[in-house]
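User: I am new to reading protein models. Can we go through the terms one by one?

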Amino acid sequence: MLPSILSIFLLSEALASRPFLNEPDTGFDAYFANLRAGELPPLDKLVGLPDFDAVARRYLPAQNYSFFRAGAAGEWSYRNNLEVFSRYRLRPRMMVNIVDIESTMPTTILGYNFSAPFFISPCGRGIMGNPEGEKGLVQGAAAGDILYIPSLHTSLSMNEIASFKSDGQITFQQAYITTNDTETKNIFDSAKALGSKAIAFTVDSAADGNRHRAARYDVGSTDSAYTYTTWNFYKHLKALTDLPIIIKGIQTVEDAQEAVRQEADAIYLSNHGGRQVDGSPSSLEVALEIHLKAPEVFSEIEVFADGGVRYGADIVKLLALGVKAVGLGRPFMYANIYGTDGVTRLIEILKRELAIDAANIGIADLGKIDPSFVKWETSG
């Protein structure tokens, strides 16, 4: 027994002391060592999503970068969001015909067709990364035929964002909601009038986020009030609009089950990018908890998730558990430094990664992926 306890102790000590790599070292800094201050690397030389984070870190003023980058308190949940995917090993299957994998990438989200099972998560203050605000996010999503969910606290107004949409482009609208019904109904009605097809009701920021990094640069939360949210309130909101209302911020299997009982339109697993309370679980951990304790949830309601996704294989792991579509926030905000071209480039990179990672695992059809493609025991 003593050797086992000692082994566990030594492993935990090793993990605790291991330095955190916000961007894994794949040679970015060395490759762009001669880049002048204030100069952006050529977009076609960026090869992965962490490259966009590296660009933001080097290019943006510290205050602007800190707004996007900040997590809660010691940022352990932010770190966990990124690192949790590497704790679960894939189980590749060989001798499988995967040549048509790209044709299986299109999906539906609440009945609407998109070219891939990932989307742009709600993020505010796009102007901190690009003087044109969220314009590049809207147009890039259209070019890549993926869903964009604008935040209620975008730099551009809802009308301005709608003006940049392409004909037929589908967007949803994120909302922070108070008990002021007049204000809430105005948000819902405006979103519908401008073409939004669903509301993403954020419930994972009931109070101000404890963001030390952000506080140093005076770029705190865009929603700092205590917020009233209950299941009865959700039912009340449903009576104010005929748009589907997605509950964004589910973090336990119990709440996922309750959402099904309350006949929620969809749920969205998220810990707000690790920005609200340190110690909150990653969406992968929540999805796994649902899979282990109440797997029927995934067939009873559409489940979305975001947080820490940086690679195609990350998306594969969430899809394998039953998640319908996966959101990314910070990577797209960093890509938006380049505007529409940057967002389009990120979409291209991620689509290719998703396709080739799935193919290398032996997945012939992304629509038929199942949990057996991942070893759901942590690898340390």
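Analyst: Start with pairing: two strands pair if DSSP finds at least two bridges between them. Strands (E, at least two residues) and helices (H or I, at least four) are DSSP runs, numbered from the N terminus. This is a predicted model: local features need pLDDT of at least 70, side-chain atom pairs count only at pLDDT 80 or more, and totals for chains, interfaces and linings use all residues. Residues are numbered from 1 along each chain as its sequence is written, and side-chain values use heavy atoms, leaving out hydrogens and water.

User: What makes β5 and β6 a pair?

Analyst: They share four bridges, in the parallel sense. The definition asks for at least two, so they pair. Phe 201 stands opposite Ile 247 in β6.

User: What joins β4 to β5?

Analyst: Three bridges join these parallel strands. Here Phe 201 in β5 is the bridge partner of Ala 175.

User: Why are β3 and β4 called edge strands?

Analyst: The open sheet has seven strands, in the order β3-β9-β8-β7-β6-β5-β4. β3 (118-120) and β4 (173-175) each pair on one side only.

User: Which way do the residues of β5 point, and are they buried or exposed?

Analyst: Ile 199 and Phe 201 point one way, Ala 200 and Thr 202 the other. All are buried (under 20% relative accessible area; exposed is over 50%, partly exposed in between; 1.4 Å probe, protein chains only). In a regular strand, side chains alternate between the two faces of the sheet.

User: How do you know that the span of helix α16 agrees with its length?

Analyst: The expected span is 1.5 Å times one less than the number of residues. Helix α16 (residues 340-361) has 22 residues, so it should span 32 Å. Its end C-alpha atoms are 32 Å apart, which agrees.
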